[in-house]
Amino acid sequence: MTRPSRLRERRRPVLGGLLALGLYAPVQASEPGGLVNQGAALFHGLSPLQGRIAGHSGWLPPATLVCANCHAAPAGRSFEPGRAARPLGRTELLQPRVRRTGPPSSYTEQSLCEALRAGIDPAHVTLQRAMPRYQLSAVECRALWAFLTRPGVSVNTLP
Ligand code: HEC
């Protein structure tokens, strides 16, 4: 089991980087950008999420559930080709494209929640088991959507 410890090692610099970028701040509901900040914290693992492998009853350790570990490339470096998980961002989610099989599709907040909770994409195709299934509140889902589709950033990288 080398993977969880490798993931843990990567988390401290992420927090520093987010603070330096002004991307992470405790969420105040009344504050503009609060949802985007909350989504950033969830995506980068500063706020823990609950999730499991499809078909398993036990929860995975939070460090293995960090979206950025699978969906963000290190800043300034390209995403490893051939990886099943693609870099996520506004363009990736909003542009209609053929995803697995099925017709071209794009995401809405609702279909993102469905993919995260049940592993079903907008074309009703089931995601691979490598993508965890999450137990998310509506606010957590909205926050991830607000962060991932925020204007001006087409692909999210690690800080
Ligand atoms: C352990 C690695 C891993 C983690 C952690 C992970 N994903 Fe994924 N994700 C994947 C893989 C692999 C796929 C591709 C599944 C497929 O093509 O069937 C995927 C697919 C997706 C898709 C579908 C994209 C598309 O084009 O249809 C979305 C959306 C997504 N992930 C969002 C997230 C979010 C948001 C998080 C964090 C809450 C997250 N993922 C965490 C591995 C991961």
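**Exercise 1. Sort the residues of the shell around the ligand by class.**

Solution. The shell around the ligand holds 17 nonpolar, three polar and four charged residues. Here Ala, Val, Leu, Ile, Met, Phe, Trp, Tyr, Cys and Pro count as nonpolar, Asp, Glu, Lys and Arg as charged, and the others, Gly among them, as polar. Next, look at who sits there: 24 residues surround the ligand, and the closest are C67, C70, A85, Q128 and M131. Of the elements, α4 gives the most, with four residues. Helices (H or I, at least four residues) and strands (E, at least two) are DSSP runs, numbered from the N terminus.

**Exercise 2. Find out how confident the predictor is along the protein chain.**

Solution. This is a predicted model: local features need pLDDT of at least 70, side-chain atom pairs count only at pLDDT 80 or more, and totals for chains, interfaces and linings use all residues. Residues are numbered from 1 along each chain as its sequence is written. Now the values: the mean pLDDT (the predictor's confidence in each residue, from 0 to 100) of the protein chain is 82, and 75% of its residues reach 70 or more. Over residues 1–12 the pLDDT is below 50, and this stretch has nine contacts in the model beyond near neighbours in sequence. Two residues are in contact if their C-beta atoms, placed from the backbone, lie within 7 Å.

**Exercise 3. Decide how covered helix α3 is.**

Solution. A residue is buried if 20 or more other C-beta atoms lie within 10 Å of its own, exposed if 12 or fewer, and partly exposed in between, with C-beta atoms placed from the backbone. By that rule, seven of the 10 residues of α3 (residues 34–43) are buried, and the helix is mostly covered. These seven are N37, Q38, G39, A40, A41, L42 and F43. After α3 comes G45, with a positive phi near 85°.

**Exercise 4. Is H124 buried or exposed?**

Solution. Start with its place: H124 is in the loop between α6 and β3 (133–135). Its phi is near 65°, a positive value in a residue other than glycine. Now count: H124 has 11 other C-beta atoms within 10 Å, so this residue is exposed.

**Exercise 5. Name what the buried residues of α7 pack against.**

Solution. First list the buried residues of α7 (residues 138–148): C141, A143, L144, W145, F147 and L148. They pack against α3, α5 (90–94) and α6.

Technical notes
A residue is near a molecule or strand if its C-beta atom, placed from the backbone, lies within 6 Å of it.
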